[in-house]
Amino acid sequence: SSGPRCPVCAEPWVSPRLLPCLHSLCAPCLRRLGPLGEPGRAAARSVLCPVCDAEVALPPGGVGQLTPDYLALSRGGAAVAAGCDLCADGAAARRCLTCGADLCLFCCQAHRRQKKTASHTVTELENIRDCSQSGKPLFCPSHPAEELRLFCEQCDQPVCRDCVVDRHRQHPYDFTGNVIHRHGDALRELLKGTQQHMGTLESALSQIDDMGSAVRSRAEAVATEVCLFASGYVKAIEEHRDRLLKQLEDLKVQKENLLHLQKAQLQQLLLDMRTGMEFTERLLTSGSDLEILITKGVVASRLAKLNSVAYNTHPSVDDGIQFSPQERAGQCCGYEVFGAILNKVVDPARCTLHGEDLHSARQNQLTGFTLLCNDTTGERMGRGGEAVRVTITHKEKRDCAVKPTACDNGDGTYHISYSPEEPGLYAVCVYVKGQHVQGSPFTLTVKNKFREHQGVFHCCTFCSSGGQKAARCACGGTMPGGYQGCGHGHKGHPGCPHWSCCGQVKENSECLGGPSSDTLQRSFLRTVAL
């Protein structure tokens, strides 16, 4: 993407490395970039790309483990200074004509000392006219004498013959020429998705430009109305007119700033996608099979990340600016004046939540609360149509979410209803126009389903059962003489009326448990509530 020279040092490439954002830099330039993170932390593995200002993560092994950009070397032609194929750090000064490797001065000396390569013919790189990497064999970094001709399916990387019998033993592999079609087609499918997103983004940017013109045109039209209305008055009306125009200008600037912000965000996303598209197209059209396989992982990761970015294709503001001549505007220089700019816009920070069941709910029980929308002055909107979104997510079970329903009442209020299926703590987020409202997010406690009492609320078992000895009570009280239930003043009696099924002393309470309904019918005799 940078041509035959490094975008940082503007010098011919020296061992170019491909960043996750698909920008290439020389390895020495990459090492000079300062790491991001806390000062003094040696574990910082992120750098800031000097081309697109994106924060990119480095692999655990540092710059040396980044994907080599052989495509950059092949684009540069004779003007490109390739890096050493063995150490990947120094600039190539000579080439071995026997094995086709570019060598720095240090590796060239070592190449001649080794028995296996001592007989190879080495010549100055300047004497070779065509230094292009196109068609040139690529050698294994772990076994420099072996050419990369195989592809390990399990590790998803090109390997040599020695790798197959060493670190990649028993891994499924195949020749690069046999797998290039499958992996190339996968990249092409990702590229199609990126191209579709680019078309949508370009259309959205066009809509934003049109809306910006509409806002300016509408503001100018309203300014004309204000001037015509103010011309009937003398000094008081002229001052009132200037005040209205200033308010209108501020409103126009506010809307334009919001549109500019959205436009800048979409333009940056479009630029990132275009960079990814151009690089991928160049890789697929100009790169060799091995180059595509080497670069495939980082390219696919970048395109997939770009394709998953969420963006809004509609302008973030509208041209809803109006002038009302009949609106009372108070006193100006002692005269009552009329006319005001109407642009009642909802302010999420001033929207409030109401309801008795706002922070608590029951399992499988329909409940809800009310959202009241207010404008920037805190006044009720009085109309509906706002973009309201509510999410209810379990704090411990991320896959457990509640689907709420928002009902627009048309008067500035919205009723949010939901029915949680699982008990526990939930995080509730309420958004208006994509922003949190007042009090959002908040915690919702969902309790288990309300359990009805299966027994009777009595003073004691003896009274409620009519003196039957077999009648029992969950309070655990008994009476002498073989009575299995409780009685006033006897052992185990709580001293006040209580439920026979669980012993609760509050009549309007939830049953704490006890036997099932069938067991209750068998164990507790029919009693009369006092």
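Strands here are DSSP runs of type E with at least two residues, numbered from the N terminus. Threonine 67 sits in one of them, strand 5, which covers residues 67-68. The model is predicted. Its protein chain has nine helices and 25 strands. The chain holds 530 residues, of which 42% count as buried.

**Overall picture**

- The protein chain exposes about 28500 Å². Carbon and sulfur atoms supply 50% of that area.
- Take the contacts between residues at least 6 apart in sequence. Of these, 59% join residues at least 24 apart.

- Two packed helices are described by the angle between their axes and the distance between the axes.
- Helix 5 spans residues 176-230. Helix 6 spans residues 235-286, and helix 7 spans residues 289-307.
- Helix 5 and helix 6: the axes come within 9 Å and cross at roughly 170°. Angles over 145 degrees count as roughly antiparallel, so helix 5 and helix 6 are roughly antiparallel to each other. Their crossing is left-handed.
- Helix 6 and helix 7: the axes come within 10 Å, with a crossing angle of roughly 155°. This pair is therefore roughly antiparallel too. The crossing of helix 6 and helix 7 is left-handed.
- From helix 6, the residues in that contact include Leu269, Met273, Phe279 and Leu283. From helix 7, they include Ile292, Val299, Leu303 and Asn307.
- Helix 5 and helix 7: the axes are 9 Å apart, and the packing angle is about 25°. Angles under 35 degrees count as roughly parallel, so helix 5 is roughly parallel to helix 7. Their crossing is left-handed.
- On the helix 5 side, the contact with helix 7 includes Thr176, Ile180, His183, Leu187 and His197. On the helix 7 side, it includes Asp289, Ile292, Val299, Leu303 and Asn307.
- Val299 of helix 7 takes part in the contact with helix 6 and in the contact with helix 5. Ile292, Leu303 and Asn307 of helix 7 are likewise listed for helix 6 and for helix 5.

**Threonine 67**

- Is threonine 67 buried or exposed? Its relative accessible area is 18%. Buried means under 20%, so threonine 67 counts as buried.
- Leave out residues up to four places away in sequence. Threonine 67 then touches Arg17, Leu18, Ile294, Thr295 and Val298.
- One of these partners, Thr295, also belongs to the helix 7 side of the contact with helix 6.

**Cysteines**

- A search of the whole structure finds zero disulfides.
- Cysteine 29 is in no disulfide. Its nearest cysteine sulfur is that of cysteine 9, 3.6 Å away. A disulfide needs the two sulfur atoms within 2.5 Å.
- Cysteine 29 has 2% relative accessibility and counts as buried.
- Cysteine 332 is buried as well, with a relative accessible area of 5%.

**Backbone features in loops**

- Most residues other than glycine have a negative phi, and most peptide bonds are trans.
- Leucine 22 has a positive phi, near 70°. Its place is the loop between strand 1 (16-18) and strand 2 (24-26). Leucine 22 counts as buried, at 0% relative accessibility.
- Aspartate 156 also has a positive phi, near 60°. It lies in the loop between strand 9 (150-152) and strand 10 (157-159). At 34% relative accessibility, aspartate 156 counts as partly exposed.
- Which residues does a cis peptide bond join? They are serine 440 and proline 441, with omega about 0°.
- Proline 441 is in the loop between strand 22 (435-436) and strand 23 (442-447).

**Proline 497**

- Proline 497 lies in the loop between helix 8 (461-464) and strand 25 (498-499).
- With a relative accessible area of 40%, proline 497 is partly exposed.
- Setting aside neighbours within four places in sequence, proline 497 is in contact with Phe457, His458, Cys459 and Val505.
- Proline 497 and glutamate 507 are ten residues apart in sequence. Their C-alpha atoms are 8.5 Å apart in space.

Note on methods: Residues numbered from 1 in each chain as written. Predicted model: local features only at pLDDT ≥ 70, side-chain atom pairs only at ≥ 80, totals over all residues. Heavy atoms only, no water. Helix = DSSP H or I, 4+ residues; strand = E, 2+ residues; numbered from the N terminus. Buried < 20%, exposed > 50% of the residue type's maximum accessible area, 1.4 Å probe, protein only. Contact = heavy atoms within 4.5 Å. Areas by Shrake-Rupley, 256 points an atom, 1.4 Å probe, with all protein chains shown as cover. Axes fitted to C-alpha atoms, helices over the stretch in contact; angles between N-to-C directions. Parallel < 35°, antiparallel > 145°, perpendicular 65-115°, else oblique. Left-handed = near helix turned anticlockwise from the far one by under 90°.
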